[in-house]
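Welcome! Here is a short tour of a protein structure, written for someone meeting it for the first time. Please keep the picture open beside you as you read.

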Amino acid sequence: MSTAAVSLALYQPDIPQNTGTLLRTAACLGVDVAIIEPCGFVLDDKRLRRAGMDYLDGLTLTRHASWSRFRESLTQQRLVLMTTAGDDDPWRFRFRAGDIIVLGRESAGAPQEVHDAADARLRIPLAGGMRSLNVAQAGAIVLAEALRQLHALPTEPS
């Protein structure tokens, strides 16, 4: 994973359309992505390709066979877990270059071992009675905020 800006890690994603949307978002924002397997679908799923369209060709994507393999690949990066059980929100949290934003499974979130490994656990505040955002929406929100804080949002050519 790159240490120049934030990166995104998807923990055992299980909905190909959401994964495709997140991969497209990452490609458009210039963010590297790690997929921590097993996935709930085949990674070349046509629904993933449809959601990601041709944007996936410009993406740096790394696959890890398991959570432990992913952890072995880390050096000094902080793991920032997005979770409904988070302690802070992305607007008060101070992102650092090299942070890896971790998103859990759509169906079950992240297990305790991922929570335990996280250096920070963030949540997006929601209106009363609402449980959670779609994982692709949450990922886009937090990526944009992290890149904004780090002055690393892409700029259009002039």
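## Before we start

A residue is called buried when its relative accessible area is under 20%, exposed when that value is over 50%, and partly exposed in between, using a 1.4 Å probe and protein chains only. Helices (H or I, at least four residues) and strands (E, at least two) are DSSP runs, numbered from the N terminus.

This is a predicted model, in which local features need pLDDT of at least 70 and side-chain atom pairs count only at pLDDT 80 or more, while totals for chains, interfaces and linings use all residues. Residues are numbered from 1 along each chain as its sequence is written, and side-chain values use heavy atoms, with hydrogens and water left out.

## Two cores

Let us begin on the inside. A nonpolar core is a set of buried Ala, Val, Leu, Ile, Met, Phe, Trp, Tyr and Cys residues joined through side-chain atoms within 4.5 Å. The largest one here has 32 residues, and L8, V33, F95 and I101 have the most contacts inside it. Two or more residues come from each of β1 (7-11), α1 (16-29), β2 (33-36), β4 (79-82), β5 (100-103), β6 (120-122) and α5 (135-149). Helix α5 gives the most, with seven residues.

Apart from this core lies another, of 15 residues, including W67, L81, A110 and A117. A117 sits in helix α4 (residues 112-117) and is buried, with a relative accessible area of 16%. Beyond its neighbours within four places in sequence, A117 is in contact (heavy atoms within 4.5 Å) with W67, R71 and L79. A117 and L79 are 38 residues apart along the chain, yet 7.4 Å separates their C-alpha atoms.

## Two helices to follow

Helix α1 has 14 residues and reaches 20 Å from its first C-alpha to its last, close to the expected 20 Å; the expected span is 1.5 Å times one less than the number of residues. Its buried residues include P16, G20, L23 and L29. Just after α1 comes G30, with a positive phi of about 75 degrees.

Helix α5 has 15 residues and reaches 21 Å, close to the 21 Å expected. Among its buried residues are V135, G139, L143 and L147. What covers the buried residues of α5 includes β1, α1, β4 and β5. I141, also found in α5, is partly exposed at 32% relative accessibility.

## Salt bridges

How many salt bridges are there? Counting a side-chain nitrogen of Lys or Arg within 4 Å of a carboxyl oxygen of Asp or Glu, the total comes to seven. In one of them, the side chains of R105 and D14 meet at 3.1 Å, N to O. R105 lies in the loop between β5 and α4 and D14 in the loop between β1 and α1, so this pair ties together parts that are 91 residues apart in sequence. R105 is partly exposed, at 27%, whereas D14 is buried, at 16%.

D99 and R78 form another salt bridge, with their closest N and O atoms 2.7 Å apart. This pair also links distant parts of the chain: D99 is in the loop between β4 and β5, and R78 is in the loop between α3 (67-72) and β4, 21 residues apart. D99 is buried at 2% relative accessibility, and R78 is buried at 15%.

An α-helix has 3.6 residues a turn, so residues three or four places apart point the same way. E145 is buried, at 6%, while R148 is partly exposed, at 46%.

Most residues other than glycine have a negative phi, and most peptide bonds are trans. A cis peptide bond joins E37 and P38, with omega about 10 degrees; P38 lies in the loop between β2 and α2 (46-52).

Q12, in the loop between β1 and α1, has a positive phi of about 40 degrees although it is not a glycine. H151, in the segment after α5, has a positive phi of about 55 degrees. Which of these is buried and which is exposed? Q12 is buried, with a relative accessible area of 16%, and H151 is exposed, at 75%.
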